[in-house]
Amino acid sequence: SRQHEAPALPSSIRMPVPAEFAAGDALFHTHCAGCHGPSAAGTAQGPSLLSRVYVPSHHSDASFYLAVKQGVRAHHWNFGDMPALPHVTEAEVTQITAYVRWLQQQAGVR
């Protein structure tokens, strides 16, 4: 449905990332961008994390930890299941989540 769609943001545009999110940016590009896209706007393999579905009131930061630790069974999208990423540490998920929340704010996703 349209309520799940991400806001229109050109994925080719990269805004300067504040220093406090630089580590999360690098980690996101290493572990997440392959499926969620370089700007978290989604790909054919995974959903946009800029969708309203992923606002903190619907998917808390804890849900990001669980997704990485346990994987996710497809429930909002038709991309298939997300596998667990046991090589990504909790500290790394913290940094990735902060970066994703910053991207969401830049996209007006609240």
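The exposed residues Lys-69 and Gln-70 lie on the face of helix 3 that is turned away from its buried side. Here exposed denotes a relative accessible area over 50%, buried under 20% and partly exposed the range in between, with a 1.4 Å probe and protein chains only. Helices are DSSP runs (H or I, at least four residues), numbered from the N terminus. The model is predicted: local features require pLDDT of at least 70, side-chain atom pairs count only at pLDDT 80 or more, and totals for chains, interfaces and linings use all residues. Residues are numbered from 1 along each chain as its sequence is written, and side-chain values use heavy atoms, with hydrogens and water left out.

The buried residues in helix 3 are Phe-64, Ala-67 and Val-68. Viewed down the helix axis, the buried residues fall within an arc of 90 degrees, so they line one face of helix 3; the arc is that of the directions from the helix axis to the C-beta atoms. An α-helix has 3.6 residues a turn, so residues three or four places apart point the same way. The buried residues of helix 3 pack against helix 4. Just after helix 3, Gly-71 adopts a positive phi of about 80 degrees.

The largest nonpolar core contains 23 residues, and those with the most contacts inside it are Phe-28, Leu-49 and Ile-96. Such a core is a set of buried Ala, Val, Leu, Ile, Met, Phe, Trp, Tyr and Cys residues joined through side-chain atoms within 4.5 Å. Helix 1, helix 3 and helix 4 are the elements that give two or more residues to this core, and the largest share, six residues, comes from helix 4. With neighbours within four places in sequence left aside, Ile-96 is in contact (heavy atoms within 4.5 Å) with Gly-24, Leu-27, Phe-28, His-31, Cys-32 and Val-88.

The largest pocket holds about 680 Å³ of space. Of its 34 lining residues, His-36, Pro-47, Ala-67, Val-72 and Met-82 are the closest to its centre. Two or more lining residues come from each of helix 1 (22–31), helix 2 (33–36), helix 3 (61–70) and helix 4 (90–106); helix 3 gives the most, with five residues. The lining comprises 21 nonpolar, 11 polar and two charged residues, where Ala, Val, Leu, Ile, Met, Phe, Trp, Tyr, Cys and Pro count as nonpolar, Asp, Glu, Lys and Arg as charged, and the others, Gly among them, as polar. On a 1 Å grid over the protein atoms alone, a pocket is an open set of points, where a 1.4 Å probe fits, with protein on both sides within 12 Å along at least five of seven lines; lining residues have an atom within 4 Å of a point. Grid points are joined across faces, edges and corners, and the volume is the space filled by probe spheres set on the points.

His-36 belongs to helix 2 and is buried, with a relative accessible area of 13%. Beyond its neighbours within four places in sequence, His-36 contacts Phe-28, Ala-41, Gly-42, Thr-43, Gly-46, Pro-47 and Leu-49.

Phe-79 is located in the loop between helix 3 and helix 4 and is partly exposed, at 33% relative accessible area. Residues up to four places away in sequence not being counted, Phe-79 touches Thr-43, Ala-44, Gln-45, Gly-46 and Pro-47.
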